[in-house]
Amino acid sequence: MGQPEEHASGEAAQPGLPQPELPPGQRLQRGWPVTHYGPVPRFRPERWEFQVFGATADAAKHSWNHTEFGALPRSTVVADLHCVTKFSMIGAEWSGVPARVVLEAAPPAPDVTHVMVWAEYGFSSNMRLSDFADERSIFATHKDGELLTAEHGFPLRLIVPHLYAWKGPKWVRAVEYMTADRRGFWEERGYHNVGDPWKEQRYSYQEEPGEGPDL
């Protein structure tokens with residue numbers, strides 16, 4: 001489901017080479033470790049559906065089947081991925097449907113402040129609407145030109161480069177527009193409600209007033 005539960009394994013970067021700037025507490029990782037909680041879901045294209053619901057501008061639920069979602073406008077962003085387990089993957093190329101395309105296709109009501117991103121098995125992750133709407137937030141289907149594997153979130157995972165990776169769930173199925181904040185799966189279990197890696201917002205005990213609803 002999400003990212004934080006398991007410790008990452010994989011090949012670390014070689015010492016002595018020039019290191020890119022990383023958020024505090026992170027280490028450079030070569031390769032892409034698999035980290036998730038729970039089983040990998042089986043993809044059934046005939047049953048797959050992406051939904052937008054909640055406080056939509058027209059008060060209606062919007063949905064796309066797999067073919068329809070794949071026909072939405074696509075883009076590519078080059079962005080880092082920072083896992084709360086302290087590894088960072090630098091300069092990956094993510095291709096898919098920008099979050100802004102979804103917002104344009106199914107606009108939120110004017111009073112929407114947050115979204116809840118829903119994935120398989122009821123996993124959820126909340127974030128501010130402004131984070132979701134960021135120009136680099138993308139529903140990725142490919143990494144570095146290759147289709148995502150099932151273990152890495154195929155057929156769809158959200159990438160929000162400026163937040164920790166758990167904020168972008170694997171196996172995404174829906175987005176809920178909210179007029180008030182509500183904690184998602186990991187946020188209810190002790191992880192920071194915002195999750196900015198540059199501020200090292202890892203855990204809920206670090207939250208400042210106004211950074212999240214009561215636990």
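User: What makes the largest nonpolar core a core, and which residues have the most contacts inside it?

Analyst: A nonpolar core is a set of buried Ala, Val, Leu, Ile, Met, Phe, Trp, Tyr and Cys residues joined through side-chain atoms within 4.5 Å. Buried means under 20% relative accessible area; exposed is over 50%, and partly exposed lies in between (1.4 Å probe, protein chains only). The largest such set here has 27 residues. F50, F69, F132 and F139 have the most contacts inside it. At least two residues each come from β3 (49-54), α2 (99-105), β7 (114-119), α3 (129-132) and β12. The largest share, 4 residues, is from α2. Another core, of 12 residues, lies apart from it; V77, A79, L81 and I159 are among them.

User: What are these values based on?

Analyst: The model is predicted: local features need pLDDT of at least 70 and side-chain atom pairs pLDDT 80 or more, while totals for chains, interfaces and linings use all residues. Residues are numbered from 1 along each chain as its sequence is written, and side-chain values use heavy atoms, with hydrogens and water left out.

User: Which residues does F69 touch?

Analyst: Contact means heavy atoms within 4.5 Å. Not counting residues up to four places away in sequence, F69 touches W48, F50, W64, V97, V102, F139 and L156.

User: Why is strand β9 called largely enclosed?

Analyst: Strands are DSSP runs of E, at least two residues; helices are runs of H or I, at least four; both are numbered from the N terminus. In β9 (residues 138-143), 5 of the 6 residues are buried, so the rest of the structure largely encloses this strand.

User: What other strands pair with β9?

Analyst: β11 (residues 157-159) pairs with β9 in the antiparallel sense over 3 bridges. There, R157 is the partner of A140. β10 (residues 146-147) is antiparallel to β9 too, with 2 bridges. β9 and β10 form a hairpin with 2 residues between them, and D144 in the turn has a positive phi of about 50 degrees.

User: Why is M178 called buried?

Analyst: M178 has a relative accessible area of 4%. The limit is under 20%, so M178 counts as buried. M178 is placed in strand β12 (residues 172-178). Leaving aside neighbours within four places in sequence, M178 is in contact with V112, T113, H114, V115, M116 and N126.

Methods: Pairing = 2+ DSSP bridges.
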